[in-house]
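Thank you all for coming.

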Amino acid sequence: MRKFIIDTDSACDDAVALVMALRQPDIDVKAITVVAGNVPVPLGVQNALYTVELCGADAPVYAGCAKPLLRELETARDLQGHSGLGDIGLPLQGRIPANGHAADVLRDVINANAGDITLVTLGPLTNVALALLREPELAQRVSHCWIMGGIGAGHGNVTPTAEYNIWVDPEAAKIVYESGMKMTMVGWDISWKHATFDAEEADEIRRIGTALAEFVIDIQPTLTEFSMTENALAGFDLPDPITMAAAIDPNIAEYKDYRVDVTTGDGLARGITVVDVLGVSKKAPQMSVATSADRSAFIDMLKRSVS
């Protein structure tokens, strides 16, 4: 069994990614740690617990940082809905998370499984950065970290040059990117190019007919509207699931090693992932960056997860 920790801000695409991981027979999700991002932490916790319950899994869910390291939280409820799961009337209250703060859980689980943990981050990097600030040596004990964040090439989705997860807490992202951890960045460009679903493609998944197939499509209405009107896409896109797919099977994507820095300014200078494609900085590459993905393989994995 492969051991995963999933750090998430638990909204529509996060829930699909959780389903994909929890339904993999060879993956043991040791912990799901929730960070503020798409929605505040209490809502994120409920969304994660609901998804775990729907999958019939027993992965523990832990609440984490309620705001970025140095900034106020700016959620994405206009994108994900007030609840974070599309505002379709799901019973998202009353479930109790496991005891412990996410940053402490990250440290404990990574130390207890040194060298064997795959860390998948689906939201702002606040929890992970806090754990690294407390114990920098953790970076060397993670087998690999898969980051949904930033942009490998192209435009942003919250500013012209920045992706939401990095933009929300750029200081945390900078700490993680400079930690020395083995990392792969799956940027938003991979999602809009290879993981966008129009109405017909969404209906094809829903017609699988299981509760999970219906769930992963039914929670997307607000994301669909936003993606089509604000991001000029043909339907909703799934950045977290395609990142999870790469973590499950790295052959789903192609990668190149680059130096990637994070800007921590304000305005248009906030949260940019600066990918040094030509090596002009003369800094050694510190991470892999996904450059393309196999859409068919991704969709096949998603369908198997909900079948």
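Let me start with burial: a residue is called buried under 20% relative accessible area, exposed over 50%, and partly exposed in between, with a 1.4 Å probe and protein chains only. By that rule Phe-197, at 2% relative accessibility, counts as buried. Please keep in mind that this is a predicted model, in which local features need pLDDT of at least 70 and side-chain atom pairs count only at pLDDT 80 or more, whereas totals for chains, interfaces and linings use all residues. Residues are numbered from 1 along each chain as its sequence is written, and side-chain values use heavy atoms, with hydrogens and water left out.

Now the aromatic pairs, where rings of Phe, Tyr and Trp (its six-membered ring) pair if their centres lie within 6.5 Å, and where planes under 30 degrees apart count as stacked, over 60 as edge-to-face and the rest as tilted. Across the whole structure the search finds six such pairs. In one of them, the ring centres of Tyr-50 and Phe-215 are 5.9 Å apart with the planes at 45°, so this pair is tilted. Phe-197 and Phe-236, by contrast, form a stacked pair, at 5.6 Å centre to centre and 15° between the planes. Here Phe-197 belongs to strand β7 (residues 196-197) and Phe-236 to strand β8 (residues 236-237), 39 residues apart. Phe-236 is buried, with a relative accessible area of 4%, and ring pairs link Phe-197, Phe-236 and Phe-298 into a cluster.

Which helices are largely enclosed by the rest of the structure? Helix α5 (residues 126-134) is one, because seven of its nine residues are buried, and the elements covering those buried residues include β1 (2-8), β2 (27-34) and α4 (102-112). Helix α7 is another, since six of its eight residues are buried. Glu-171, which lies in α7, counts as buried at 16% relative accessibility, and its side chain is joined to that of Arg-71 by a polar contact of 2.9 Å, meaning a pair of N or O atoms within 3.5 Å, where within protein one must be able to donate a hydrogen and the other to accept it, and residues adjacent in sequence count only if both atoms are side-chain atoms.

On a 1 Å grid over the protein atoms alone, a cavity is a set of points where a 1.4 Å probe fits but cannot get out, a pocket is an open set with protein on both sides within 12 Å along at least five of seven lines, and lining residues have an atom within 4 Å of a point. Grid points are joined across faces, edges and corners, and a volume is the space filled by probe spheres set on the points. The search finds one cavity of 30 Å³ or more, and the largest cavity has a volume of about 50 Å³. Helix α5 gives the most to its lining, with three residues. The largest pocket holds about 370 Å³ and is lined by 26 residues, with Asn-38, Ala-76, Leu-79, Asn-157 and Tyr-164 lying nearest its centre.

Definitions and conventions: Helix = DSSP H or I, 4+ residues; strand = E, 2+ residues; numbered from the N terminus. Contact = heavy atoms within 4.5 Å.
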